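Please keep the sequence and the structure in view while I speak.

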Amino acid sequence: PPRSTLFPYTTLFRSEEKEVFGPSYEVEAINTTGAGDSFDAGFICAMLKGKEADEAAKFANAVAAYKISRESQDEGLSEKAVLEFMETNALRKSEG
């Protein structure tokens, strides 16, 4: 089956202080509808909860990976489900 990597690392932003990358998850891509919106929502949610940008990036990539690995677009998405997903799914290894 096809695998989605959501890129090895996603550059989120660059400031004078640092550049932020978020590791991606290797999942089977079942339905990619809403992946970008899910990523954005995950990043914003984590930042509003006071997470640093690198932790928010990790969470956002997990939200998007969780979303595309599900068939149903009607399935709710909870923080608990994403945290469980993060514990049970492997991060993609960097190439290089």
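Confidence in this predicted model is given as pLDDT, the predictor's confidence in each residue, from 0 to 100. In the protein, the mean is lowest in strand β1 (residues 3-4), at 44, and highest in helix α3 (residues 79-88), at 92. Over residues 1-6 the pLDDT is below 50, although this stretch has 20 contacts in the model beyond near neighbours in sequence; contact means heavy atoms within 4.5 Å. Where pLDDT is low, the predicted coordinates should not be read in detail. For the protein, the mean pLDDT is 79, and 79% of the residues reach 70 or more.

A word on conventions. Residues are numbered from 1 along each chain as its sequence is written, and side-chain values use heavy atoms, without hydrogens and water. As this is a predicted model, local features need pLDDT of at least 70 and side-chain atom pairs count only at pLDDT 80 or more, while totals for chains, interfaces and linings use all residues.

How many helices and strands does the protein have? There are three helices and four strands, in the order β-β-β-β-α-α-α along the sequence. Helices (H or I, at least four residues) and strands (E, at least two) are DSSP runs, numbered from the N terminus.

Of the 96 residues, 35% count as buried, that is, under 20% relative accessible area with a 1.4 Å probe, protein chains only.

Finally, consider Ala53, which lies in helix α2 (residues 53-68). Ala53 counts as buried because its relative accessibility is 6%. Ala53 and Gly22 are 31 residues apart in sequence, and their C-alpha atoms are 8.8 Å apart in space.

How values were computed: Buried means under 20% relative accessible area, exposed over 50%, partly exposed in between (1.4 Å probe, protein chains only).
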